[in-house]
Amino acid sequence: MIRFSKYIWLYILLSSLVLVPGVYSLIRWGLRPSIDFTGGTFMEVRLEKPVAKDGIQSLGQKNAVDLIEINQTGKSDYSFRMKTTSESAVDAFEKDLKKEGGEKIDVLRKDAVGPVIGKELLGKAFIASLLVMCAILLYVAYAFKNITFGVSAVVALLHDMLIMFASFSLLGHFVGVEVDTLFVTAFLTTMSFSVHDTIVIFDRIREYRKKDTRTLLSNTSDVALTETMGRSLVNSFTIMFMLLSLALMGGTTVRWFAVALLIGTITGTYSSPFVATPILLLLDKWKRKK
Amino acid sequence: MAKNPRKLFILLLILTLFALIVDLPEKFVLSVPWQGKTIQQKINPPSLDIQVGSLKIQKTFTTHLGLDLAGGTHIALEADMKDIPAGSRMDALESAKQVIERRVNFFGVSEPVVQSVKSADSYRVTIELPGVTDVEQALSLIGQTAKLEFREFTEKEKESTAAAFLFPTLENTKPAGLTGKDLKKASLSFSSQTGEPEVAISFSENGAKIFADVTKRLVGKPLAIFLDDMPLTWPRVNTEIIDGSAVITGSFKFDEAKRLALQLNAGALPVPVSVVEKRIVGATLGADSVSKSVRAGLIGLGIVALFMVLKYGWLGLYADFALFVYGLLTLALYRIIPITLTLPGIAGFILSIGMAVDSNILIFERFKEELRKGKPWQIAMELGFGKAWDSIRDANFTTIITSLILFNPGNWDFLPSSGLVRGFAATLFLGVVISLFTGIIVTRTFIRVLYKGPKGGGA
């Protein structure tokens with residue numbers, strides 16, 4: 001048996017390693033929202049002759065137009081997705097394109113996409129998350145006949161959510177990774193996974209508590225953690241294999257989605273023994289003192 | 001069921017075979033060399049085309065891929081606002097969007113995205129139809145303006161005593177001469193007598209005249225209101241109405257009355273729309289990206305399967321087999337229901353694979369523990385299943401709760417109703433339910449029927 005409960009300071013340290021810089025980054029720089037949330041401009045043009053994508057990219061840079069996506073839709077047709085940039089910048093970009101791509105430029109489409117849909121989704125996902133947390137709190141409290149179990153599971157869940165936001169804030173600032181609607185889904189997935197893992201450990205503790213109510217909870221939880229550690233790792237590895245291969249070999253759009261899920265899986269696995277269980281012990285101690 | 005694992009085993013094999021047939025690849029050409037010649041057979045998933053009386057069942061079992069995976073049609077409609085006063089243009093656009101949304105839903109496209117876009121002086125509605133390549137058909141359905149029409153039962157039906165209970169259709173009714181053009185406004189109001197929600201409608205000057213005529217003629221009889229040729233409501237006319245305003249009562253709930261008013265307004269504000277752009281959207285991911293991701297997913301799955309065999313030996317192999325059945329069943333259900341597969345949906349799928357494997361890992365770890373305590377393997381196995389059940393149940397139950405909240409079956413306003421989150425929730429829910437079935441029943445049956453016990457006592 002490993003005395004997991006002796007090393008709570010280590011877990012706090014480990015979590016802080018990500019959380020302190022992450023939360024700092026979150027406060028200082030926030031997240032990098034994608035066009036899904038900020039809205040943006042979509043433009044489709046027909047030029048007289050084709051222009052290399054690199055050339056278009058540099059034209060965008062020159063005019064401070066933030067091009068997110070360049071698609072060649074026809075022989076010399078292009079579509080661009082850009083962040084909402086000033087009208088004049090887009091116009092200048094258009095003029096430069098005209099110079100590069102022959103005498104005539106035909107704007108097939110030029111739309112400003114409102115950010116309403118993304119904001120709506122965000123608001124609703126937030127409410128849904130709150131509801132999920134309440135439901136988990138109640139169910140775990142009911143299944144384990146003890147509210148502290150529910151509270152601990154939800155605290156671990158909050159920890160995982162914060163880790164996800166924190167790491168994507170860091171990724172956003174240093175690598176330029178954007179938070180899009182896919183991130184919202186990855187986030188929701190993590191919620192499910194985190195609790196799933198916590199319950200497996202709590203189930204062990206419950207089992208031993210039924211047999212023996214006199215042993216200290218910290219001893220019981222040490223036994224439970226030792227016994228479930230193998231399964232937790234094996235299970236997370238299986239999911240990580242899937243996600244790692246997606247992150248490394250999948251297409252570009254899937255990549256950051258897979259990374260988000262990967263971070264969620266890792267923190268979800270980590271938080272069950274090292275956040276949920278210590279919190280459970282602390283709550284138990286606190287209750288005893290009262 | 002537990003008494004005869006062999007029977008269950010055969011049933012499971014049949015089920016797997018059934019799923020396998022539904023999962024047959026699409027437009028796949030199989031070439032078999034046979035006595036020097038090559039036999040080419042085109043393979044397609046089966047399709048149902050059954051006609052029982054007037055009931056027609058038509059179904060093809062193909063995988064529905066979302067716009068983000070397979071591309072689809074993107075349509076932009078421009079609303080002609082020249083007849084609409086500047087102040088109510090946004091409302092008109094919103095109404096038009098809602099009508100189009102309803103029509104798109106009627107069209108049976110899953111996860112359509114209908115957005116209203118206002119840029120400078122143009123009012124547009126963009127529609128994304130995943131996987132739809134028949135643009136013309138979609139356009140003919142969407143392009144019409146909302147058609148609100150008042151209809152009365154035909155003479156024959158009117159005389160029948162059952163007229164009051166009759167469900168109005170286009171066949172048993174005829175136009176009463178009043179359409180959406182004659183309606184000025186519909187709004188939600190509350191009855192001064194009962195306080196119940198009702199829908200107040202008012203007609204234009206000309207409409208009021210026709211309405212007076214119609215109501216005079218139809219006192220005591222139902223007047224049906226059709227929106228896009230579908231009966232919306234058919235209230236009974238109580239008295240002749242001459243001032244051009246009326247209320248539609250009925251035991252409406254607040255939301256129903258609100259929706260009806262909105263629908264009537266949508267019909268009452270027929271903004272002519274014209275197609276300004278239509279285009280087949282290449283997948284955002286790109287076909288290349290999709291195939292890469294599928295390959296990556298398969299490699300990941302292969303590693304998981306290998307890992308299970310290395311860790312648990314024969315047991316791992318049975319678990320892999322259960323996983324295989326899981327994959328087949330899930331894909332078959334995606335095709336049968338059908339569920340449109342999007343990137344978030346794939347996330348739900350991956351997560352549920354993890355949970356399916358997890359059930360087995362939990363059981364096997366318990367099994368090993370019982371073996372270590374010196375129990376014979378048959379008993380250890382049954383105990384393993386029994387003991388792991390509590391944690392499997394609780395863990396999966398919370399996931400089911402989560403997926404139900406995200407799926408928002410009640411269509412509540414404050415919860416997500418976007419195709420994105422829903423697609424994820426649907427695959428997660430299905431995945432968890434199927435994984436419970438395969439992880440426990442399938443694995444257990446396989447082990448009961450095939451497993452000969454660990455060699456030399458250790459697993």
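How many bridges join strand S12 (residues 197-203) of chain B to S15(B)? Four bridges join these two strands, which run antiparallel. The model is predicted: local features need pLDDT of at least 70, side-chain atom pairs count only at pLDDT 80 or more, and totals for chains, interfaces and linings use all residues. Residues are numbered from 1 along each chain as its sequence is written, and chains are lettered from A and ligands numbered from 1 in the order in which they are written.

Chain B contains 12 helices and 17 strands. Helices (H or I, at least four residues) and strands (E, at least two) are DSSP runs, numbered from the N terminus. Of the 459 residues in chain B, 42% are buried. A residue is buried if 20 or more other C-beta atoms lie within 10 Å of its own, exposed if 12 or fewer, and partly exposed in between, with C-beta atoms placed from the backbone. Among contacts in chain B between residues at least 6 apart in sequence, 68% join residues at least 24 apart. Two residues are in contact if their C-beta atoms, placed from the backbone, lie within 7 Å.

Strand S12(B) belongs to a three-stranded open sheet with the order S11-S12-S15 and antiparallel pairing. Two strands pair if DSSP finds at least two bridges between them. Strands of a sheet pair through backbone hydrogen bonds, either parallel or antiparallel. The edges are strand S11 (183-190) and strand S15 (245-248) of chain B, each pairing on one side only. From one strand to the next, the twist averages 25°.

B:Val199 has B:Ile248 of S15(B) as its bridge partner. B:Ala200 stands opposite B:Val247 in S15(B). On the S11(B) side, seven bridges join S11(B) to S12(B), again in an antiparallel run. There, B:Leu183 has B:Phe203 of S12(B) as its bridge partner. S11(B) and S12(B) form a hairpin with six residues between them. In the turn, B:Gly195 has a positive phi of about 80°. Five of the seven residues of S12(B) are buried, so this strand is largely enclosed by the rest of the structure.

Elsewhere in chain B, B:Phe18 lies in helix H1 (residues 5-22). B:Phe18 has 13 other C-beta atoms within 10 Å and is therefore partly exposed. B:Phe18 and B:Ala332 are 314 residues apart in sequence, but 8.7 Å apart in space, C-alpha to C-alpha.

Chain A has nine helices and four strands. From the N terminus on, its elements run α-α-β-α-β-β-α-β-α-α-α-α-α. Buried residues account for 45% of its 290 residues. Of the contacts in chain A with a separation of 6 or more, 77% come from residues 24 or more positions apart.

Helix H6 (residues 147-174) of chain A packs with H7(A) at an angle of about 145°, with the axes 9 Å apart. Axes are lines fitted to C-alpha atoms, for helices over the stretch in contact, and angles run from 0 to 180 degrees between N-to-C directions. The crossing of H6(A) and H7(A) is right-handed. A crossing is left-handed if the near helix is turned anticlockwise from the far one by less than a right angle, and right-handed if clockwise. Contact residues include A:Phe149, A:Met161 and A:Phe168 of H6(A), and A:Phe183, A:Phe187 and A:Phe202 of H7(A). By class, this contact has 12 nonpolar, three polar and one charged residues. Ala, Val, Leu, Ile, Met, Phe, Trp, Tyr, Cys and Pro count as nonpolar, Asp, Glu, Lys and Arg as charged, and the others, Gly among them, as polar.

Helix H7 (residues 181-211) and helix H8 (residues 217-249) of chain A pack at an angle of about 140°, with their axes 9 Å apart. That makes H7(A) oblique to H8(A). Angles under 35 degrees count as roughly parallel, over 145 as roughly antiparallel, 65 to 115 as roughly perpendicular and the rest as oblique. H7(A) passes H8(A) in a right-handed crossing. Among the residues in contact are A:Asp197, A:Arg204 and A:Tyr208 of H7(A), and A:Glu227 and A:Arg231 of H8(A). By class, the contact has seven nonpolar, four polar and five charged residues.

A:Asp222 also lies in helix H8 of chain A. With 20 C-beta neighbours inside 10 Å, A:Asp222 counts as buried. Leaving out residues up to four places away in sequence, A:Asp222 touches A:Met1, A:Ile2, A:Arg3, A:Phe4 and A:Ser5.
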